[in-house]
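Good morning. I will go through one structure today, and I would ask you to keep the sequence and the coordinates open while I talk.

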Amino acid sequence: MAEGFLGRLTGQAAKHADKQFDVALSDEEWRARLTPEQYRVLRQHGTERAGSSPLDKTYDPGVYHCAGCGQPLFDAATKFNSRTGWPSFFAPLDNAIETDTDRSFFMTRTEVHCRHCGGHLGHVFEDGPPPTGLRYCMNGVSLTFYPGEAMPGPAGPDKRP
Ligand SMILES: [Zn+2]
């Protein structure tokens, strides 16, 4: 409770610092690997400007990967038009993401990051469409789209047991 507003803001970037991820690069290595905008979003919990990502309007079949480490995150079959200006999905791939509670900006939101590298992807809200009712509101700059790729998994075409 003693934690001030500034403390909450500045504490964000170091949020997952105590976690161990499979891909653990130094700050310099991330800066070298990512574009400045990717670094700002993935590593500093930034948010891209709404409507700025070409992936927002993309509905082709394929798989969305983490732009930081390449981990497959979302099948395009789960993408829907949320009209928010950010790429939105109703379900991630299995074991692809993790969530945290984000109390920045006077809101309590559920933050979403890549399970593999800890890179910040966006937030998840409970106002999505069936079958999950969830809306994974993602920064397009955090994602790399591979058109035509198919993933086995609950969201993919190979969901037969
Ligand atoms: Zn990643």
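This is a predicted model: local features need pLDDT of at least 70, side-chain atom pairs count only at pLDDT 80 or more; totals for chains, interfaces and linings use all residues.

One term before anything else: a residue is called buried when its relative accessible area is under 20%, exposed when that area is over 50%, and partly exposed in between. By that rule R83, at 74% relative accessibility, counts as exposed.

Let me begin with the overall layout. The protein has 3 helices and 9 strands. Along the sequence the order is α-α-α-β-β-β-β-β-β-β-β-β. Of its 161 residues, 45% count as buried. If you take contacts between residues at least 6 apart in sequence, 57% of them join residues at least 24 apart.

Now the zinc site. Which protein atoms are the donors of the zinc ion? They are the SG atoms of C66, C69, C114 and C117, and they lie 2.3 to 2.4 Å from the ion. The spacing of these donors along the chain is C-x2-C-x44-C-x2-C. The 4 donor atoms subtend angles of 101 to 113° around the zinc ion, so the arrangement is tetrahedral. The cut-off behind that word is that all angles must lie between 85 and 135 degrees.

D22 belongs to the loop between helix 1, residues 5-11, and helix 2, residues 27-33. In sequence D22 and C117 are 95 residues apart, and their C-alpha atoms are 6.1 Å apart in space. Is D22 buried or exposed? D22 has a relative accessible area of 64%, so it is exposed.

Next, the nonpolar core. The largest one has 28 residues, and those with the most contacts inside it are Y64, L73, F74, L121, Y136, M138 and L143. At least two residues each come from helix 3 (36-42), strand 1, strand 2, strand 6, strand 7, strand 8 (135-138) and strand 9 (143-147). Strand 1 supplies the largest share, 3 residues.

Setting aside neighbours within four places in sequence, L73 is in contact with Y64, H65, C66, P92, L93, A96, I97, C114, L121 and L143. Two names in that list, C66 and C114, are also zinc donors.

On to the aromatic residues. Searching the whole structure gives 4 aromatic pairs. One of them is Y64 with F89, edge-to-face, at 5.1 Å centre to centre and with 70° between the planes. This pair links distant parts of the chain, with Y64 in strand 1 (residues 62-66) and F89 in strand 4 (residues 88-89), 25 residues apart. Y64 has a relative accessible area of 0% and is buried. F89 is also at 0% and counts as buried.

F89 has another partner, F74. How are the rings of F74 and F89 arranged, stacked or edge-to-face? They are stacked, with 4.2 Å centre to centre and 20° between the planes. F74 lies in strand 2 (residues 72-75) and F89 in strand 4, so this pair ties together parts that are 15 residues apart in sequence. F74, at 0% relative accessibility, counts as buried. Taken together, Y64, F74, F89, Y136 and F145 form one aromatic cluster.

There is also a charge over a ring: the charged end of K79 sits over the ring of Y59, 4.3 Å from its centre.

Last, some backbone details. The peptide bond from P130 to P131 is cis, with omega near 5°. P131 is in the loop between strand 7 and strand 8.

R83, the residue I started with, has a positive phi of about 60° although it is not a glycine. R83 lies in the loop between strand 3 (79-80) and strand 4. F105 is another non-glycine residue with a positive phi, near 55°. The place to look for F105 is the loop between strand 5 (97-102) and strand 6. Its relative accessibility is 46%, so F105 counts as partly exposed.

That is the end of my tour; I will take questions.

Conventions:
Residues are numbered from 1 along each chain as its sequence is written. Side-chain values use heavy atoms; hydrogens and water are left out. Rings of Phe, Tyr and Trp (its six-membered ring) pair if their centres lie within 6.5 Å; planes under 30 degrees apart count as stacked, over 60 as edge-to-face and the rest as tilted. Helices (H or I, at least four residues) and strands (E, at least two) are DSSP runs, numbered from the N terminus. Buried means under 20% relative accessible area, exposed over 50%, partly exposed in between (1.4 Å probe, protein chains only). A charge sits over a ring if NZ of Lys or CZ of Arg is within 6 Å of the ring centre and within 35 degrees of the ring normal. Donors are N, O and S atoms within 2.8 Å of the metal (3.2 Å for Na, K and Ca); water is not among the atoms, so sites may look incomplete. Four donors count as tetrahedral if all angles lie between 85 and 135 degrees; four count as square planar and six as octahedral if opposite donors are over 155 degrees apart and all others between 65 and 115; anything else is irregular. A nonpolar core is a set of buried Ala, Val, Leu, Ile, Met, Phe, Trp, Tyr and Cys residues joined through side-chain atoms within 4.5 Å. Contact means heavy atoms within 4.5 Å.
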